[in-house]
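Take a look at the fold below. We will go from the whole chain down to single elements.

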Amino acid sequence: MTRDTPEDDADTDDPSETTVADGGSDADTAAGADDVALDPWGSSTVSDYRKLFDEFGIEAFDEVLDEVPNPHYLMRRGVIFGHRDYRPVARALRNGEDAAVLSGFMPTGDPHIGHKLVFDEIIWHQRQGADAYGLIADLEAHSARGLSWDEIDEHARDYLLSLLALGFDPEEGELYRQSTNREVQDLAFELGSNARFAEFEGIYGFDGETSVSHMQSVVTQMADILYPQLDEPKPTVIPVGPDQDPHMRLARDVAARMRYFKVTEAYASFEADAAERDHLAAAYAALDDGAERRSAGSRPQADDDPDTVRCEDAADWLDAEMAPDAARDAAMEKLRAAGKEPLRPRVRFLDRNATDEAFEALIEAVPGEKRRYDEHIDAFEMDHEAAEELAREVEVDNGGYGFLPPSSIYHRFMTGLTGGKMSSSVPASHISLLDDPEDGYDKVKSATTGGRETAAKQRELGGEADDCPVYELYAYLLSGDDDEFATEVYEECVGGERLCGGCKEQAAELMREFLADHQEKRAEMEAVLDGLDIDLDSDRRGIPGDGH
């Protein structure tokens with residue numbers, strides 16, 4: 001809601017609809033969001049993005065920003081706030097190595113300025129040298145959102161035209177629909193053998209009423225995420241909102257299960273978990289008298305070396321030196337069972353899905369001292385990184401995929417112009433990329449703000465730019481790559497120099513210019529889209545799903 005105020009007055013929201021800085025509203029975040037419930041098909045917001053770092057293992061993007069070449073302004077301004085394992089992608093971009101970016105769009109309505117965030121992220125990665133993929137998630141829209149194929153066809157064209165108009169290069173990238181990409185569907189079938197209904201229950205809340213098509217659409221999304229690596233493994237990033245993180249976590253798990261080999265660190269013939277290995281490492285470091293000699297470049301320690309550390313000696317050391325806990329006690333039990341077996345660092349190749357030929361090829365390929373067991377191979381002269389590379393190379397040479405875990409970056413939800421989350425299903429909350437430029441102007445002029453009740457209070461206390469949907473328009477879109485302009489708007493607002501009436505007028509004019517320019521470019525892209533090998537007039541038949 002917004003008050004009618006003179007040009008020099010500050011706007012304010014109804015207190016019951018106060019927007020919060022992370023892009024949600026109090027009303028929207030009250031139910032579930034404080035518990036950080038991430039629903040890919042719901043309307044969840046996130047009340048505190050910091051919770052995602054602790055609860056889901058998402059890392060703050062600021063911690064990797066310095067490693068990114070020519071970072072996009074969305075990265076610099078904190079709109080892209082988090083990542084999962086983005087460093088391999090950043091390293092590949094810095095070094096001119098192979099990398100890929102992919103994201104998908106569910107064509108349930110008009111593309112709006114919130115979707116432009118993802119369009120921009122794909123295009124930026126493409127311009128940095130990554131292979132770029134944009135997909136229409138039509139199977140998901142049909143099964144999970146209940147759209148007819150005619151509706152999907154219409155919206156799909158609109159999404160693709162905007163992506164092209166914003167700068168996606170179709171000659172250097174790939175656009176496709178889930179329903180017509182046979183390679184994706186074949187990959188989904190293979191991935192499905194490593195996904196379980198119990199996981200879908202736990203991750204998505206699926207139950208006995210969930211349609212099989214809805215479940216199939218999830219597996220198809222896993223295939224989309226891994227599709228850029230179908231020809232060869234490469235670092236791949238998926239730009240998404242945080243509500244899509246469940247898909248990313250499942251995709252990383254399924255990718256690992258498809259691998260022929262798992263590479264771990266080990267110290268003896270028995271298996272140990274990560275906590276137990278920490279204790280084994282501590283015992284070895286304390287007892288290994290020959291470590292200094294070997295670090296100088298002599299050959300690896302042999303089992304008959306008098307300085308060899310024995311498992312039973314390591315158990316005694318842990319008993320005497322380390323405080324009791326479950327991991328220490330488990331490690332001691334395994335060490336005592338191993339007796340006089342040497343305790344020596346090594347990397348271990350565990351057989352997950354390898355064919356007999358691949359297992360034999362790996363044995364042959366491992367350099368230096370090694371030992372073969374029924375279901376694993378221990379290598380004593382390799383580090384973990386070299387072992388991972390070798391395992392992937394042998395896998396690919398022997399018919400496997402060799403998938404690298406897909407990475408992801410996360411952008412903040414864009415606040416709706418009326419407060420709450422921007423949504424395609426609430427026209428007043430968003431500006432469609434198809435809106436008449438004059439309608440876009442009017443929507444910005446009617447938007448809620450983070451202003452004070454009066455112009456006098458605004459001048460005295462300053463505005464609340466962090467809680468303002470209009471300032472978000474500047475930061476996310478209207479300032480473009482001009483950080484100085486975005487900073488000027490922010491500082492003038494919080495300093496009381498900028499009043500909401502004039503600020504909205506400037507934003508509205510910039511929005512009108514953006515929409516006019518964008519739609520002119522969309523018209524230019526009509527012929528380009530028609531010339532691409534993508535079928536936008538589906539002849540599919542079927543009954544739309546109901547989302548269950």
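A residue counts as buried under 20% relative accessible area, as exposed over 50%, and as partly exposed in between, with a 1.4 Å probe and protein chains only. By that rule, 53% of the 548 residues of the chain are buried. This is a predicted model: local features need pLDDT of at least 70, side-chain atom pairs count only at pLDDT 80 or more, and totals for chains, interfaces and linings use all residues. Residues are numbered from 1 along each chain as its sequence is written, and side-chain values use heavy atoms, without hydrogens and water.

Now the elements. The chain has 22 helices and 11 strands. These are DSSP runs, numbered from the N terminus: helices are H or I with at least four residues, strands are E with at least two.

Start with the sheet. Strands of a sheet pair through backbone hydrogen bonds, either parallel or antiparallel. Here two strands pair if DSSP finds at least two bridges between them. An open sheet holds 7 strands in the order 1-2-11-6-3-4-5, with mixed pairing. Strand 1 (59–60) and strand 5 (173–177) are its edges, each pairing on one side only.

Which residue of strand 4 is the bridge partner of Ala 100? That partner is Asp 131.

Finally, find helix 22 (residues 500–530). Its expected span is 1.5 Å times one less than its number of residues. Its 31 residues should therefore span 45 Å, and the end C-alpha atoms are 43 Å apart, which agrees.
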